[in-house]
Amino acid sequence: MAIKLTIAIPTHNRAALVRDTLASVSALAIPAGVEADCLVIDNASTDDTASVVDDFARDAALPMRRVFEQRMGSSFARNRAVDETASEYIFFIDDDAVAERDWAAELLDEMRRRDLDAACGMVLPRWSSPPPKWLGPSLWVKLAVHDRRAIESGPTAAAERLDNYFSANVGFKRNAFARFGKFREDLGVVGGNPISGEDTELFARILARDGAMGFAPRAIVHHLIPAERMTHAYLRRKSFAFGMGTGFAGLQNHNRLDKLVRNGVRMASAAMRGDSERAIYHELECANFFGYWRGRLIAR
């Protein structure tokens, strides 16, 4: 009996970008014995997303359909995907990411070989323009992309950790949602709500309940990093928002006062020796600290 796989693409007002994502999904090398389809969740888009997706679906190499989710937010869109399909496996890719040809095959192979409930693959940066010199690899985690060289040169087990799992490239067994629940809909950046981290909260929940989750280094997507994200201000906002989501969700964290002091000292030290990358890194850790405790206050 064939294995059924749904590739889900949540999208909001990115008609110009989602076409590349669709093209990469349509070009995937689907293994023998796997029946794959693509589900696009149009998350309250007001641009040309509907026509772009529907036009592409007519000639796509695999079955493709679009559903409209009125409630805006990544959790609503992802949960709608879970509700819309009965496939044994559900893989998510962001609407500004492009999958390598073997992405789905590698992710599925890793999950089946290790009997994983969920797995995240490698997310590599696709810079829209050359990044500034201060935006070095130690800061890429703030953009939810990986440093391939560091991962491939380190021990395999080092990549198997929560802060290395990004939802731009993630696969789930369908029954994982029945066992561990779906994405929390009170988390996620929606309009004026800055509380992010809905994906990390679900990953942490799976791990806390003895689920099996791992990293699939050969399942690769390339995530667009536009110029507006390559700014100090953007990274500061993202770090604060992620900290807020972590605190609001009640996740374990090391955001104690001594950590704030250490990061403040290290930020000043790095700035004095002219190391902008490390100075900004420690500044973002301070922003995460303040966001975390803001989230804890909101949750009370």
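**Legends to close-up views of a predicted model**

**View 1. Overall dimensions of the protein chain.** The protein chain has a radius of gyration of 19 Å, which agrees with the value near 19 Å for a compact globule of 300 residues; the radius is taken over C-alpha atoms, and the globule rule is 2.2 Å times the number of residues to the power 0.38. This is a predicted model, in which local features need pLDDT of at least 70 and side-chain atom pairs count only at pLDDT 80 or more, whereas totals for chains, interfaces and linings use all residues. Residues are numbered from 1 along each chain as its sequence is written, and side-chain values use heavy atoms, with hydrogens and water left out. Along the principal axes, the C-alpha atoms fill a box of roughly 60 × 40 × 40 Å. The secondary structure comprises 10 helices and eight strands (DSSP runs numbered from the N terminus: helices, H or I, at least four residues; strands, E, at least two). Of the 300 residues, 51% count as buried (under 20% relative accessible area, with exposed over 50% and partly exposed in between; 1.4 Å probe, protein chains only).

**View 2. The largest nonpolar core.** This core has 48 residues, of which Ile7, Phe91, Ile93 and Trp103 touch the most other members; a nonpolar core is a set of buried Ala, Val, Leu, Ile, Met, Phe, Trp, Tyr and Cys residues joined through side-chain atoms within 4.5 Å. Helix H4 (residues 103-114) supplies the largest share of the core, five residues. Leaving aside residues up to four places away in sequence, the contacts of phenylalanine 91 include Leu5, Ile7, Trp103, Leu107, Met111, Val170 and Phe172 (contact means heavy atoms within 4.5 Å). A second, separate core of 28 residues includes Ala77, Ala118, Phe180 and Phe203.

**View 3. The surroundings of lysine 142.** Lysine 142 lies in the loop between strand E6 (118-127) and helix H5 (148-153). With a relative accessible area of 17%, lysine 142 is buried. Its side chain makes a polar contact of 2.6 Å with the side chain of glutamate 285 (a pair of N or O atoms within 3.5 Å; within protein, one must be able to donate a hydrogen and the other to accept it, and residues adjacent in sequence count only if both atoms are side-chain atoms). Among the residues that lysine 142 touches, not counting those up to four places away in sequence, are Leu235, Ser239, Tyr281 and Leu284.

View 4. The whole structure contains zero disulfides (pairs of cysteine sulfur atoms within 2.5 Å). For cysteine 38, the nearest cysteine sulfur is that of cysteine 120, 19 Å away. Cysteine 38 is buried, with a relative accessible area of 1%; cysteine 286 is also buried, at 10%.
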